[in-house]
Amino acid sequence: MEVHAQIDTPRRPRRKASASGAARSHRPGLEILPRILTFFILFFLWLILSGQFDSFHITLGVISCLMVTYFSGDLLFPGTRKTGLIRLGFRVALYVPWLLYQVLMANFHILYLVFHPRMMDLIDPSIIRFQSRLKEELPLVIFANSITLTPGTITVYVSVDGDFQVHAIDRKSGEPLPGEMEARIIRAFKEV
């Protein structure tokens with residue numbers, strides 16, 4: 001006996017063509033700025049993560065970042081947002097120190113849990129579900145990855161509509177979500 005199951009999911013409205021490239025080809029001058037920003041972001045990450053600052057490795061970094069930028073330079077800044085990219089980059093850069101502080105504090109909390117004599121009583125894993133106010137894909141991705149970067153929480157599922165499922169190791173780790181993290185990303189991207 002065969003069992004057929006059908007899951008009805010609401011279809012998301014199609015995005016406008018300008019997000020994927022039809023409109024982009026008419027104004028090539030506007031496409032270069034996102035690619036330049038993408039290159040410098042990738043190269044900055046290359047320098048930090050490689051830890052090699054000799055000419056051989058820097059040349060390899062430039063070549064690989066140019067290749068990635070050429071083939072997928074429109075992925076980091078998709079959509080119709082072509083103006084104000086420098087200001088956006090600055091606001092996102094302001095978000096990073098706050099995130100690093102949250103990661104540091106969450107590390108201390110996990111350390112406290114691990115070394116506590118009643119560790120098994122304190123750990124209370126759960127799945128938290130919430131609807132995010134974020135609308136665009138890039139802020140959603142940044143929000144999901146910020147949650148996962150913070151020890152004690154992992155983004156298990158996120159939909160393009162902003163439905164989140166997050167695994168939290170205990171109540172304290174999951175309580176602040178979506179909270180200030182989402183609010184800061186909203187301010188960075190000037191959403192809602």
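Helices (H or I, at least four residues) and strands (E, at least two) are DSSP runs, numbered from the N terminus. This is a predicted model, in which local features need pLDDT of at least 70 and side-chain atom pairs count only at pLDDT 80 or more, while totals for chains, interfaces and linings use all residues. Residues are numbered from 1 along each chain as its sequence is written, and side-chain values use heavy atoms, with hydrogens and water left out.

**View 1. Threonine 150 in the loop between H5 and E2.** Threonine 150 is buried, with a relative accessible area of 11%; buried means under 20% relative accessible area, exposed over 50%, and partly exposed in between (1.4 Å probe, protein chains only). Neighbours within four places in sequence aside, threonine 150 is in contact with Leu99, Gln102, Val103, Ala106 and Met181, where contact means heavy atoms within 4.5 Å.

**View 2. Helix H5 and its buried residues.** Helix H5 takes in residues 137–149, and its 13 residues should span 18 Å at 1.5 Å a residue, in agreement with the 18 Å between its end C-alpha atoms. The expected span of a helix is 1.5 Å times one less than its number of residues. Pro139, Leu140, Phe143, Ala144, Ser146 and Ile147 are the buried residues of H5. They cover an arc of only 160° around the axis, which puts them on the same side of H5; the arc is that of the directions from the helix axis to the C-beta atoms. The cover over these residues includes helix H3 (85–115), strand E1 (126–131), strand E2 (153–158), strand E3 (163–168) and helix H7 (179–189).

**View 3. Packing of H3 against H5.** The axes of H3 and H5 cross at roughly 30° and come within 9 Å. Axes are lines fitted to C-alpha atoms, for helices over the stretch in contact, and angles run from 0 to 180 degrees between N-to-C directions. H3 and H5 are therefore roughly parallel to each other; angles under 35 degrees count as roughly parallel, over 145 as roughly antiparallel, 65 to 115 as roughly perpendicular and the rest as oblique. Tyr95, Leu99 and Val103 of H3 meet Ile142, Ser146 and Leu149 of H5 in this contact.

**View 4. Packing of H3 against H7.** The angle between H3 and H7 is about 160°, and their axes are 8 Å apart. That makes H3 roughly antiparallel to H7. H3 passes H7 in a right-handed crossing; a crossing is left-handed if the near helix is turned anticlockwise from the far one by less than a right angle, and right-handed if clockwise. From H3, the contact is made by Leu88, Arg91, Val92, Tyr95, Trp98 and Leu99, and from H7 by Glu180, Met181, Arg184, Ile185, Arg187, Ala188 and Phe189.

**View 5. Packing of H5 against H7.** H5 and H7 pack with their axes 10 Å apart, at an angle of about 150°. Their crossing is right-handed. Leu138, Pro139, Ile142, Phe143, Ser146 and Ile147 of H5 make the contact with Met181, Glu182, Ile185 and Phe189 of H7.

**View 6. Helix H2 and its buried face.** The 18 residues of helix H2 (residues 55–72) should span 26 Å at 1.5 Å a residue, and the end C-alpha atoms are 25 Å apart, which agrees. Gly61, Cys65 and Thr69 are buried in H2. Seen down the axis of H2, its buried residues fall within an arc of 60°, so they line one face of the helix. Phe56, Tyr70 and Phe71 are exposed on the other side of H2.
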